[in-house]
Amino acid sequence: MKMRAAVLEEFGEPLAVQEVELAEPRAGEVLVRLHACGVCHTDLYTASGADPSGYSPTVLGHEGAGVVEAVGPDVGSLAPGDHVVTLFSPQCRECVHCLDPRTNLCLAIREEQNKGHLPDGTTRISRDGEEIRSFMGCSTFAEYTVMPEIALAKVSPEAPFEHACLFACGLSTGLGAAINTAAVRPGSTCAVFGAGMVGLGAVAGCRLQGAERIICVDLSPQRLELARGQGATDLLEGGEGAVERILEMTGGFGADYTFEATGNVAVMRQAVEAARMGWGLCTVAGVAGRGETLDVVPRLLITGRRIAGSSFGGVKGRDQVPVLVDRYLAGEIDLDPFVTHRITLDEVNRGFELMEAQDGIRSVIEFS
Ligand SMILES: NC(=O)c1ccc[n+]([C@@H]2O[C@H](COP(=O)([O-])OP(=O)(O)OC[C@H]3O[C@@H](n4cnc5c(N)ncnc54)[C@H](O)[C@@H]3O)[C@@H](O)[C@H]2O)c1
Ligand SMILES: [Zn+2]
Ligand SMILES: [Zn+2]
């Protein structure tokens, strides 16, 4: 079939929205009609050419929500009409990692996904016979996508698509960092560095876990106000003195749990230093630049601090994204402030510009 999609042709150039060809779903695959898709830093990072593992041509986008249109052979868990959220982090429910509660890093399709292929090593998108690779296994800057069944979470049809798509990436990452990776205990003191989609999700996650005090650190006063709306009790301007301020605010000890959601290694170090001696846990969600390293004084670890990394918040997507969506529908998370711009597929490059200007949290592409 023919569809419109935003193709990354050349790194550093605007995406080119055009008609491409999409093949039928094969065994274990599902055709999804997209209704909404968030525009994320990871899309921009790849489009810019900064990601050394990036490739082109490819259809970007990975924060999709839509409806199953058709299923290929051997698909058991989804049927036409189901509402789904795309998962760049799949869940096969069979591999050694899926069977272990300690990780969400499914091993089933990693290698082919990293190469821009579907699990059978081929692609479904093409143009004049030339293959166009898929991005993060999703390619949701398009009217339709074909994805593996194991990379789609079936969610409540009650959830508006523009909110459901937020769960495909940053929001679940932040929520999961607090709920899964850190498993914040009720009554705790938390400090969240960064108040973008991930950090705001972490603030909300700390609140849902019953944290008593949530200190949010960011450079932007507007973003700190958004953090207050998600449950932050104390707002702090980021920068050099942030660790000292957090120590002062916590009787000299630091926070029980700290979260890093900026991608800046200097801030990661601050998040470690702001964690409490004895049991403080620093959860790193930000993605650092290639070759960058985290500088930590080992004494901080000997005296009981720990550091954990968190990919997609440790969320096992097919099991847990539907639960998170239900918690949102039950009124536990307010998502209205996160969708700051609604754009069309043709305006996808404006979504990048808004992000570069730090204008709002998420631009969401709405498909008519
Ligand atoms: N682990 C994962 O699975 C996963 C998933 C999605 C995104 N990420 C990563 O998480 C990070 C955050 O993503 P996002 O979409 O929220 O980004 P974002 O750019 O919207 O938010 C980052 C925030 O950090 C703030 N910040 C910058 N410097 C700071 C400082 N010195 N002190 C305090 N705050 C500072 C910025 O003002 C901004 O509000 C990125 O590195 C992204 O790549 C990771
Ligand atoms: Zn994303
Ligand atoms: Zn698996």
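Ala, Val, Leu, Ile, Met, Phe, Trp, Tyr, Cys and Pro count as nonpolar here, Asp, Glu, Lys and Arg as charged, and the others, Gly among them, as polar. This is a predicted model, where local features need pLDDT of at least 70 and side-chain atom pairs count only at pLDDT 80 or more, while totals for chains, interfaces and linings use all residues. Residues are numbered from 1 along each chain as its sequence is written, and side-chain values use heavy atoms, with hydrogens and water left out.

**View 1. The shell around ligand 1.** Ligand 1 has 24 residues around it, and D218, R223, A285, S310 and F312 come nearest (a residue is near if one of its heavy atoms lies within 4 Å). Sorted by type, the shell has eleven nonpolar, eleven polar and two charged residues. At least two shell residues each come from α5 (197–208) and β12 (213–218); helices (H or I, at least four residues) and strands (E, at least two) are DSSP runs, numbered from the N terminus.

**View 2. Side chains facing oxygen atoms of ligand 1.** A polar side-chain atom of D218 sits 2.6 Å from a ligand 1 oxygen. For R223 that kind of distance is 2.9 Å, and for H41 it is 3.1 Å. The protein covers 86% of the 870 Å² of accessible area that ligand 1 has on its own (Shrake-Rupley method, 1.4 Å probe).

**View 3. Helices α5 and α6.** The axes of α5 and α6 (residues 221–230) come within 9 Å and cross at roughly 25°, with axes fitted to C-alpha atoms over the stretch in contact and angles running from 0 to 180 degrees between N-to-C directions. The two helices are therefore roughly parallel to each other (angles under 35 degrees).

How values were computed:
Chains lettered and ligands numbered in written order. Polar contact = N/O pair within 3.5 Å; in protein donor to acceptor, adjacent residues only side chain to side chain. Parallel < 35°, antiparallel > 145°, perpendicular 65-115°, else oblique.
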